[in-house]
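Colleague: Could you walk me through this one? I would like to start with how the chain is laid out, and then go on to contacts and surface.

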Amino acid sequence: GREVDVAAQDVVRDDVVLLRPGDQVVVDGPVLASTGMQVDESLLTGESRPEEVCPGDPVHAGSVNLSGRLEVEVRTTGEDTRVGRLMRLVEEGAQRRAPVVLVADRISGWFVAVVLALALATVTIWWRFDPEHAVAHAVALLIVSCPCALGLATPLAVSAAIGRAARRKILIKGGDALEAL
């Protein structure tokens, strides 16, 4: 029955949160009282236009109250909110390796063995004809066919694609989803 300032982490289920204009919603729950209120849900939906909310309508953490006083009953807080679950999905996706990366790792393992065998063959053959240049030719072969490029380029390309999509507000759950796309 009275207003009390509390930290967001101290809010619990069934509390009523009062949001003033400009306040960010930190919980998920239904609106209890509002009169023609608008919230900006662009963080979650990507929609640039504000949404009008009425009593009973759900609002989600990450939204911003744009006008008037808004009362919200707390249903979920912290990591259990919609935005919290999204962040958990992003973290899990970042830890999961794409199938194409696993294939590249497997190929690069064999590729290293083949390149080393070719470098040894190069030294052996050139040693017979021109011992002065034998090592230089083997090193050139190793540099040009750098097996690490395959092992590094694939995960780097996947990470760059997911990062670029995130900057454009597109959520890609992981490298496997990107590969399927």
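Modeller: A word on terms first: helices (H or I, at least four residues) and strands (E, at least two) are DSSP runs, numbered from the N terminus. Read along the sequence, the protein chain then follows the pattern β-β-β-α-β-β-β-β-β-α-α-α-α-α, which comes to six helices and eight strands. This is a predicted model, in which local features need pLDDT of at least 70 and side-chain atom pairs count only at pLDDT 80 or more, while totals for chains, interfaces and linings use all residues. Residues are numbered from 1 along each chain as its sequence is written, and side-chain values use heavy atoms, with hydrogens and water left out.

Colleague: OK, and what is the radius of gyration of the protein chain, against a compact globule of 181 residues?

Modeller: The protein chain has 28 Å, whereas a compact globule of 181 residues would have a radius of gyration near 16 Å; the radius is taken over C-alpha atoms, and the globule rule is 2.2 Å times the number of residues to the power 0.38. Along the principal axes, the C-alpha atoms fill a box of roughly 95 × 30 × 25 Å.

Colleague: How much of the protein chain is buried?

Modeller: Buried residues make up 25% of the 181 residues, where buried means under 20% relative accessible area, exposed means over 50%, and partly exposed lies in between (1.4 Å probe, protein chains only).

Colleague: Switching to charges, how many salt bridges does a search of the whole structure find?

Modeller: The search finds three salt bridges, each being a side-chain nitrogen of Lys or Arg within 4 Å of a carboxyl oxygen of Asp or Glu. One of them pairs the side chains of Glu3 and Arg20 at 3.0 Å, N to O. Glu3 lies in the segment before β1 and Arg20 in the loop between β1 and β2 (27–33), so this pair ties together parts that are 17 residues apart in sequence.

Colleague: And which other arginine does Glu3 meet in a salt bridge?

Modeller: Glu3 also meets Arg69, at 3.2 Å, N to O. That pair links distant parts of the chain, 66 residues apart, since Arg69 sits in the loop between β6 (64–65) and β7 (70–73) while Glu3 is in the segment before β1. As for accessibility, Glu3 is exposed, with a relative accessible area of 51%, whereas Arg20 counts as partly exposed at 38% and Arg69 is partly exposed at 45%.

Colleague: What about Glu73, what does its side chain meet?

Modeller: The side chain of Glu73 meets that of Arg75 in a salt bridge at 3.4 Å, N to O. Glu73 counts as buried at 17% relative accessibility, and Arg75 is partly exposed at 36%. Salt bridges that share partners join Glu3, Arg20 and Arg69 into one network.

Colleague: New topic: which residues make the nonpolar surface patch?

Modeller: Trp127, Val135, Val139 and Ile143 make a nonpolar surface patch of about 410 Å². Patches are made of residues with over 30% relative accessible area and no salt bridge, with like charges joined within 9 Å and nonpolar side chains (Val, Leu, Ile, Met, Phe, Trp, Tyr) within 5 Å. Helix α4 (residues 131–144) gives the largest share of the nonpolar patch, three residues, and Trp127 has its place in helix α3 (residues 99–129).

Colleague: Which residues form the negative patch?

Modeller: Glu79, Asp80, Glu91 and Glu92 form that negative surface patch, and Glu91 lies in helix α2 (residues 82–95).

Colleague: Last one, what is the phi of Asp14?

Modeller: Asp14 has a positive phi of about 75 degrees although it is not a glycine, and Asp14 lies in the segment before β1 (16–19). For context, most residues other than glycine have a negative phi.

Conventions: Areas by Shrake-Rupley, 256 points an atom, 1.4 Å probe, with all protein chains shown as cover. Lys, Arg positive; Asp, Glu negative; His and termini not counted. Charge placed at Lys NZ, Arg CZ, Asp CG, Glu CD.
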